[in-house]
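Here are some friendly notes to read with the structure open beside you. They go strand by strand, then turn to the side chains.

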Amino acid sequence: DNNGMTSSSLLTQISQPHEMPQTKNVVATMNVKCKLDLKEIVTKSRNSEYNPKRFAAVIMRIRVPKSTALIFSSGKIIIT
């Protein structure tokens, strides 16, 4: 039962969204290909925390654009 709609009008309704798609979550990864001193990074940066007993990376919170960087001693960085 299509509630009185033809297949072409159903297709038109499906193919034309009511709202434009929006990008909500983006993840970027990179590797700086060198070892990083996490203690030095956390002492020389703002809005960052490092507790190696809880998590093996510096967590850096960036205000604009609102994002978080996870910085690992291996040189790998993940930004969400």
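Predicted model: local features only at pLDDT ≥ 70, side-chain atom pairs only at ≥ 80, totals over all residues.

1. Let me begin at a turn. β4 and β5 form a hairpin with 3 residues between them, and G75 in that turn has a positive phi of about 105 degrees.

2. β4 and strand β5 (residues 76–79) pair in the antiparallel sense over 3 bridges. Within this pairing, L70 stands opposite I78 in β5.

3. On to the next hairpin, made by β3 and β4 with 4 residues between them. These two strands are antiparallel and share 6 bridges. Which residue of β4 does I59 face? I59 stands opposite L70 in β4, and L70 has I78 of β5 opposite it as well.

4. β3 also pairs with β2, again in the antiparallel sense, over 2 bridges. Here E49 stands opposite I59 in β3.

5. Now the whole sheet. It is an open sheet of 5 strands in the order β1-β5-β4-β3-β2, with antiparallel pairing. Which strands lie at the edges? They are β1 (28–31) and β2, each of which pairs on one side only.

6. Along the sequence they follow the pattern α-β-α-β-β-β-β.

7. The structure holds 1 aromatic pair. The ring centres of F55 and F72 are 5.9 Å apart and the planes meet at 70 degrees, so the pair counts as edge-to-face; the cut-off for that class is over 60 degrees. The pair links distant parts of the chain, 17 residues apart: F55 is in the loop between β2 (48–49) and β3 (57–62), and F72 is in strand β4 (residues 67–72).

8. A57 counts as buried, at 2% relative accessibility. Leaving aside residues up to four places away in sequence, A57 touches L38, E49, Y50, I71 and F72, and F72 is a member of the aromatic pair. The C-alpha atoms of A57 and S73 are separated by 7.0 Å, although the two residues are 16 apart along the chain.

9. What makes up the largest nonpolar core? It has 6 residues: L38, V58, M60, A69, I71 and I77. β3 and β4 each supply at least two residues of this core. One of its members, A69, touches V58, I59, M60, I62, I78 and I79, not counting residues up to four places away in sequence.

10. Finally, some totals for the chain. Buried residues make up 15% of its 80 residues. Of the contacts with a separation of 6 or more, 35% come from residues 24 or more positions apart. The chain exposes about 7,000 Å², and carbon and sulfur atoms supply 55% of that area.

Technical notes. Residues numbered from 1 in each chain as written. Heavy atoms only, no water. Phe/Tyr/Trp six-rings, centres within 6.5 Å; stacked < 30°, edge-to-face > 60°. Buried < 20%, exposed > 50% of the residue type's maximum accessible area, 1.4 Å probe, protein only. Contact = heavy atoms within 4.5 Å. Pairing = 2+ DSSP bridges. Core = buried A, V, L, I, M, F, W, Y, C linked by side-chain atoms within 4.5 Å. Areas by Shrake-Rupley, 256 points an atom, 1.4 Å probe, with all protein chains shown as cover.
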